[in-house]
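Subject: Structure handover

Hello,

Here is the structure I promised to pass on. Please open it first, then read my notes below.

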Amino acid sequence: MSHHTLSTPLLPPATPSDCDGPHTIVAVNDRGAPNLAHQSSNGDGRLGAGLELVDDNPYGFLGAHQFEAPESSTIDPFLNHTAGIEGVYEWVKILVCLPVALIRLALFGICLMIGYVATRIALGGWRDKHNPMPKWRSRLMWVTRISARFILFSFGYQWIKRKGKPAPREIAPIVVSNHISYIDPIFFFYELFPTIVASESHDSMPFVGTIIRAMQVIYVDRFSQSSRKNAVNEIKRKASRDQFPRVLLFPEGTTTNGRSIISFQLGAFIPGFPIQPVVVRYPHVHFDQSWGNISLARLMFRMFTQFHNFMEVEYLPIVSPLENQKENAVHFAKRTSHAIASSLNVVQTSHSYADALLLMKAAESNKENPSLYMTEMAWVKSAFNVSSLEAMDFLDVFLSMNPDSRGQVKIHDFLRVLRLKPCALSQKIFQFVDVQKNGRITFKQFLVASVHILNQPSFSRACELAFEKCDSNRKHYILEQELEESLSLSIPSLSKDEIHDLFNLLDANHDGRISHEDFIPGLRRNPLLIALFVPKLLNENLSGAEEHVLVEIL
């Protein structure tokens, strides 16, 4: 009995002449995955170059259905609305306040040095930082706290309006606040002297690193899962002991302009302690004090040259976890963020710190409107489990497609970056991403399409099988000629230059061969390219194990 492949007819032709005509192969899947259909084959059982998929979906073989990418919010939560100096009044005020600014700068420097020296004395010889700071050291830190109040004075905050009072530490050991400016933590340092949760990068900052160490800071690397887990454990440990100060967190994870509340990180809510929300406002007419798309030096200069900067702090009622049901951290965070948003009378969005990173990368690339590249990453992460670093890598690819002033890319530039020539398959790949069918794609569509393919359960198995079939002699690498032979089934008539470009895209170390360590990460960086290898898989004589894997994929 002859060996049957997946593309061989189960029944032989009745007569030899029947071999001359085409026949149809239908892949049947009882698990409801998309089926391959209408695949023309010659008499030798091999599929022709034209692979047709149900609904023209080039990723149906992975079980990847058409995705949805909702329009991103038009709100830019990181935009400082007075980044430039506009109007005669502002220029006159700056000129008048320049002598005052010099005095304020001197006061700022003197107070910073006094606070720094007092903190160094308070920390001197203290080794047991795992336990609460001794009382005498805490009392000495009052010198630094008073210095912080004078620093606020130097920045133009001669008085600060307060509403409500801090709850006793025994009742609400955790405080959360919206985050607008670098002024926020200076105020809370003076007012509450809390333990704060901060990025590890703050430890190396001159003067500031020393002062926040005296607050028994909980450091966290937001890109490390183990670091985030350790930070949550530390929050729980310190919040559970009254000898420690309150724990202060800014759950938005970055500064915003205060006109919306972005998604909350869950670190403050996982331990399950009562939380006191605090609202910070900076009312203004001519000068937006938010630390958004403006440099720190420019923001400080504008603050020094104002007659007075307004600041309001409101302590809200305590939000406690629901006792009559096991409330998860997500719901607890939503109730708390809603309380803050309601008090501010602003909307809530699904933006996150990752959107700020995307915004900065687009700005560094001199894009006309960097906010077009934000995707409301909290929603994307929740729906597709993509990390911030992965999103940044996909943005690098998208920016190389030279998007226009509206942040959109046409098919020509899309194919150029992915090293694809115009053909039926490349058209289907672009149409899969172009969910609105208007001939242009946005970064959000490109990102969602890529991670949608990447997250398919059978994607990794398809990549492994594709490598094995392209590596015809089992030498553990693919040569350029082998890649050409493999891709000729999906994209016919590829020129030498076109093959060479695709080869270089996957040959990460440019050593003239695509190793397994090049191929798999290369497809993970460009998951849309997996569609190129489907005809190769379906036209090979597979071993029993390989055939089983392919059947599982299909």
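Is methionine 205 buried, exposed or partly exposed? With a relative accessibility of 36%, methionine 205 counts as partly exposed. The cut-offs are these: buried is under 20% relative accessible area, exposed is over 50%, and partly exposed is in between, with a 1.4 Å probe and protein chains only.

Two notes on the source. This is a predicted model, in which local features need pLDDT of at least 70 and side-chain atom pairs count only at pLDDT 80 or more, while totals for chains, interfaces and linings use all residues. Residues are numbered from 1 along each chain as its sequence is written, and side-chain values use heavy atoms, with hydrogens and water left out.

**Overall**

The chain has 19 helices and 15 strands. Both are DSSP runs numbered from the N terminus: helices are H or I with at least four residues, strands are E with at least two. Of the 554 residues, 51% count as buried. The chain exposes about 26500 Å², and carbon and sulfur atoms supply 56% of that. Areas come from the Shrake-Rupley method with a 1.4 Å probe; for residues, only the protein chains shown count as cover. Among contacts between residues at least 6 apart in sequence, 71% join residues at least 24 apart. Contact means heavy atoms within 4.5 Å.

Seven strands form an open sheet with mixed pairing, in the order β3-β10-β9-β4-β7-β5-β6. β3 (161-163) and β6 (218-220) stand at the edges with a single partner strand each, so one side of each is left without a neighbour in the sheet. The twist averages 25° from one strand to the next. Two strands pair if DSSP finds at least two bridges between them.

Now for the pairs:

- β3 and β10 run parallel over three bridges. Arginine 162 has valine 313 in β10 as its bridge partner.
- β9 and β10 run antiparallel over four bridges. Valine 313 in β10 is also the bridge partner of valine 280.
- β4 and β9 run parallel, joined by four bridges. Valine 176 stands opposite proline 277 in β9.
- β5 and β7 (residues 247-249) run parallel over two bridges. Isoleucine 196 stands opposite leucine 248 in β7.

Helix α7 (residues 329-344) packs on the sheet and touches β4 (174-177), β9 (275-281) and β10 (312-315). Its direction makes about 35° with that of β9. Angles run from 0 to 180 degrees between N-to-C directions; axes are lines fitted to C-alpha atoms, for helices over the stretch in contact. β9 is mostly covered, with six of its seven residues buried.

**Salt bridges**

How many salt bridges does the structure hold? There are 14. Each is a side-chain nitrogen of Lys or Arg within 4 Å of a carboxyl oxygen of Asp or Glu.

One of them joins glutamate 90 to arginine 302, with the closest N and O atoms 2.8 Å apart. Glutamate 90 lies in helix α1 and arginine 302 in helix α6, so the pair ties together parts that are 212 residues apart in sequence. Both glutamate 90 and arginine 302 are buried. A network of salt bridges links Glu90, Lys93 and Arg302. The buried residues of α6 (residues 296-304) include Arg302 and Phe304. These buried residues pack against α1, α2 (135-154) and α3 (183-191).

Helix α5 (residues 225-239) has glutamate 234 and arginine 237 three residues apart, about one helical turn. Their side chains meet in a salt bridge (2.8 Å, N to O). Lysine 238 also forms a salt bridge with glutamate 234, at 3.9 Å between the closest N and O atoms. Lysine 238 is buried, with a relative accessible area of 3%.

Best wishes
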